[in-house]
Number of protein chains: 2
Amino acid sequence: MRTDTTFKRAFNDMIDIIRTLDLGAELPSENALRTQLGVSRTTVRKVLAGMSARGIIISEAHKRIIREQPRQKERYPKKETLAISEQVETSFMEWMLRGDACPGTEINETELARKFGVATTIVREFLNRFQKYGLIEKRQNAGWVFKGFTASFALELFEIREMFEMRSARLFAALPDGSPVWKQIQSMRAAHLELLADIDARFQDFSELDSRFHRLITAVAPNRFIESFQDVITMVFHYHYQWNKRDERARNEVAIREHLALIEALESRNIALIDRACRLHLTSARETLLHSIA
Amino acid sequence: MRTDTTFKRAFNDMIDIIRTLDLGAELPSENALRTQLGVSRTTVRKVLAGMSARGIIISEAHKRIIREQPRQKERYPKKETLAISEQVETSFMEWMLRGDACPGTEINETELARKFGVATTIVREFLNRFQKYGLIEKRQNAGWVFKGFTASFALELFEIREMFEMRSARLFAALPDGSPVWKQIQSMRAAHLELLADIDARFQDFSELDSRFHRLITAVAPNRFIESFQDVITMVFHYHYQWNKRDERARNEVAIREHLALIEALESRNIALIDRACRLHLTSARETLLHSIA
DNA sequence: CATATGTTTCTTATGTATAAAAAACGGGGG
DNA sequence: CCCCCGTTTTTTATACATAAGAAACATATG
């Protein structure tokens, strides 16, 4: 009943590993592959068996030789490598952001399960996890209510975000010169400049960089609650902007410049400068989000 | 397979309703009872049927008469009125706080289900919801890890709590005289004074008052993320102090006095005073918690 | 026609089943 | 001993089943 997405993902990854090796070369041990693929040895063996069956490798006593290079078409399609629970996430986000749901809509576990073609258990589990994003609410014995991707959601989100991020940014002022963070900040700046140079072609890569940047800043002084809140922010930006592409390029370019200004402020160690740059960026991000909701 | 805890809770509540009425009196309509009991009419009818079967009421055409007063022993025991999911919460907390679990302990869904005598589905659902408290973490395809009720947990918790509560407390300074909040603050003060007067007998009532007080303060400017964080705090204090009763009376008395000081500060509308009173209380609460963890 | 009760249908809460994945066990060779 | 592989056991992810509860529909009664 469980899907074999772990196997398929590992299989695809194994193809990539084999491609880095020569024909006739010997594969690493099962344990080594286990670490490289990040799965259990059971799954490694299943992948190896699959490779053998396809004639890609030959299993001899205590070793496995590459017989022919796997072709790209042997890969499993992306969708089959996603656990059902992950697919449900995507389905739900589409349902939500496509506008099938307005504030106050009642969410019906059974109906969603039917619509998404999965078991109710999964939908239920998803909703329970999704609750932390503040967009749905449970009513005892009577399903869920969708509270809406509204302006007040955005405002509440940004109120917290501002508290958390200002707190972290300020801590930079007191950071010793020797801290490894400064190096990470440097390479973060480089990544921003690179993206900026090629902004016309790569503006869609910003979303991921944005998330990494803000996580780096909040990581100066780890706090599990702040980190968990970053998930909320990442989710909002990831999904919301998938459905609101208006001005995407321009929007991202502005944000990159604001990030660069913040980086400079952080490096100055001047609290006033840091505060200003941080608040400027957050205000602008908030306005952009509000604008795209309305 | 579902338990009938809703019915049993409603049944007990109905006993209380009947006790406020006279023998021979007519019961309210099913719909009226539905609202009073907070359940569906289906459940109301089941309760009425139960009452009839026990001879407590007589169902005539379109009305129900009280035939005899129900006795207390007819109530269902408290435990049977708790949904399985609620029982699991208690079981898990005991397991955790009794010390069966040290930081890094792996949590096994199957084993917990066996230990608690419930279905794995329930344990899984509970863990998913419990994740937000920051005490456990999920590993892909491999269960959960208990991160421990440690000092760093307490410190991270209080860092956020301080941000949130100072934010709310400060907002009081700008509140207009006419705001209904001031009345609530007044009655909150009264409740504190009452408890203080009878502290030797009632010190265990503090936990609930504490939660209400802090929720009232954060409610001046509602923010779903702050409210959700209050759940974390409530959980920590509710369960942790159930297992750490040392100095409970003294500890609660101190906290009450700090609350009273904060109330006074809030009413002064003086930001500096508010800040000081709030920080004082939070610092002392943090120290108490840290002390009891060590 | 409005409100109350009787009846039917749909949904949620909880238990059970099972394939996939992980972990544990065990023997053999360097 | 330590790593490697074959085998067995345990656990997780997912599906499905069903009684309890909610909601919708229907009928009756004032």
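Modeller: A polar side-chain atom of A:Ser29 lies 3.4 Å from a phosphate oxygen of DNA strand D. A polar contact here is a pair of N or O atoms within 3.5 Å; within protein, one must be able to donate a hydrogen and the other to accept it, and residues adjacent in sequence count only if both atoms are side-chain atoms. This is a predicted model, where local features need pLDDT of at least 70, side-chain atom pairs count only at pLDDT 80 or more, and totals for chains, interfaces and linings use all residues. Residues are numbered from 1 along each chain as its sequence is written, chains are lettered from A and ligands numbered from 1 in the order in which they are written, and side-chain values use heavy atoms, with hydrogens and water left out.

Biologist: How far is the polar side-chain atom of B:Asn108 from a phosphate oxygen of DNA strand D?

Modeller: That distance is 2.9 Å. For A:Ser85 the corresponding value is 3.4 Å.

Biologist: What classes of residue make up the surface near DNA strand D?

Modeller: There are 9 nonpolar, 18 polar and 13 charged residues. Ala, Val, Leu, Ile, Met, Phe, Trp, Tyr, Cys and Pro count as nonpolar, Asp, Glu, Lys and Arg as charged, and the others, Gly among them, as polar.

Biologist: Changing topic: how many residues does the contact take from chain B and from chain A?

Modeller: Each chain gives 30 residues, with contact meaning heavy atoms within 4.5 Å. In chain B, B:Glu156, B:Arg224 and B:Phe225 lose the most area to chain A, together 29% of what that side buries. Buried area is the accessible area (1.4 Å probe) that two parts lose on being put together, summed over both. Between chain B and chain A that comes to about 2,500 Å², with carbon and sulfur atoms giving 50%.

Biologist: How many salt bridges across the interface of chain B and chain A?

Modeller: The rule finds 6, taking a side-chain nitrogen of Lys or Arg within 4 Å of a carboxyl oxygen of Asp or Glu. One of them joins B:Arg167 to A:Glu159, with the closest N and O atoms 2.6 Å apart.
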